Amino acid sequence: MSAKLERTRTPGIFKRGSRYVFSYRVNRVQRWESCRTLEEARRAKSARSTDIGRGEFQERSRVTLREYALDWIERYQGTGRRGFREETRGDYRALLDKYALRHFPARLKLTELTPSMVAGFIGWLCDPREQAKHEHRIKVERARAADKADPPPLAAGAKRELADSTVRNAVAPLRAALATARREGLIRHNPVSEVALPHRERIEEDDDSPRPFPNGAMELVVEIVHPAHRLMFALLAATGVRRSELLALEGRHLALDGDRPHIKIRQRVRRRRGEGLVIGPLKSRYARRDLPISLELADRLRALGTPDNVPVFASGAGMLLDPDNLSERVLAPACAEAGVEWPGFHTFRHTVASRLFASGRNAVQVQRFLGHHSAAFTLSTYVHLLDGDLGEPLAPQVHATQAVPLDEVPL
């Protein structure tokens, strides 16, 4: 039995339990709506009366946020000319599942989501203690789903701070889903559109700018690394490719004949949920490029005799190499033996960038070599590698001119 209606000081609005309700008629049918607060009910009642009077009323959707989001992610095609890539769909699906759909109640209706609730969601994302609890709950769920023992209890002071970029990524699919709902007429406003995202100043004790290898350390690491992987790291040191691009190279991407051998960057490896490592398209058209290599390196690659559609660097079973395993089991031990324990795959990329600048290449050339989307991004990332010396002062270009008598100067 539902709770009894209690009158409020606003005519036509009643309190039922913890909610405020009001009614209106559409096509001679009485409709009821409820809100969390009296003020929200006042605004909603006024809006319904105005819309009905203008003939603009559209009945509010009864679909829940969860139902709509799960349907939306399967059919969304994007809004720009580039469309919506399946890779991004997978990322959005994972983000929705990990954050928004776990935070908001399963029974929350799409039309009940307010800007204040979205602000609360962002506050939850920015709370280190709440995120530590959230991550622990996920680990427990996964362990139980795999019929494994629960992980150890969460430490009393455990915290997990999400970076501002991670918070933005977590909010992005929710914003896109609600923008679609607004275009489809299910909601009148997107409650995420005007909510402020965090922009917290980060104070680091150490410089966290991209660091290249110290002088000679990169070559030393390549010499120390296990012989089975030495050629792969030699190619990485010569080209600075992303590790996802390096592991996706196939025989057809090697142009080794002639006096200008090169490798073709045309695809990349990524980890897809439920499928493991897969080969897919590059992240953007700017990543598509041909990178020159030395004749000596070309000879070593040619000696592999890799067929066209087979990975150049593969496991013993011919499968794609796992980049995380390579980092932990191959690169990290070699770096430790070389006396530089902090580098990772990307350190090779930073080192190549520093050497390109040192050789006199301009920002556009370095941008194209690295596959960045703009020279401005390349400069903002590697500006600390540029020579800060302003050089000698510029000499003014003074040209001698013939004197003109004062009486001949036109007035």
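The model is predicted, so local features are taken only where pLDDT is at least 70. Searching the whole structure turns up eight aromatic pairs. Two of them get a closer look below: W72 with Y92, and F233 with F348.

**Aromatic pair W72 and Y92**

- The ring centres of W72 and Y92 sit 6.3 Å apart, and with planes at 25° the pair counts as stacked, because planes under 30 degrees apart fall in that class.
- W72 belongs to helix α2 (residues 65-75) and Y92 to helix α3 (residues 86-103), so this pair ties together parts that are 20 residues apart in sequence.
- Both partners, W72 and Y92, are buried.

- Distant parts of the chain are linked here: F233 is in helix α8 (residues 230-239) and F348 is in helix α12 (residues 345-358), 115 residues apart.
- F233 counts as buried because its relative accessibility is 1%, and F348 counts as buried at 0%.
- The two rings also belong to a cluster: ring pairs join F213, F233, F345 and F348.

**Arginines over tryptophan faces**

- R16 lies over the face of W32, 5.9 Å from the ring centre.
- R211 lies over the face of W342, 3.9 Å from the ring centre.

- Most residues other than glycine have a negative phi.
- D147 isn't a glycine, yet its phi is positive, near 60°.
- Where does D147 sit? You'll find D147 in the loop between α5 (128-145) and α6 (164-183).
- Is D147 buried or exposed? With a relative accessible area of 71%, D147 is exposed, because the cut-off for that is over 50%.

**Helix α10 and its buried face**

- Which residues of helix α10 (residues 295-302) are buried? They are L297, A298 and L301.
- Look down the axis of α10 and the buried residues fall within an arc of 100°, so they line one face of the helix.
- The elements covering those buried residues of α10 include α8 and β5 (254-255).

Technical notes:
Residues numbered from 1 in each chain as written. Predicted model: local features only at pLDDT ≥ 70, side-chain atom pairs only at ≥ 80, totals over all residues. Heavy atoms only, no water. Phe/Tyr/Trp six-rings, centres within 6.5 Å; stacked < 30°, edge-to-face > 60°. Helix = DSSP H or I, 4+ residues; strand = E, 2+ residues; numbered from the N terminus. Buried < 20%, exposed > 50% of the residue type's maximum accessible area, 1.4 Å probe, protein only. Lys NZ or Arg CZ within 6 Å of the ring centre and 35° of its normal. Arc of directions from axis to C-beta. Contact = heavy atoms within 4.5 Å.
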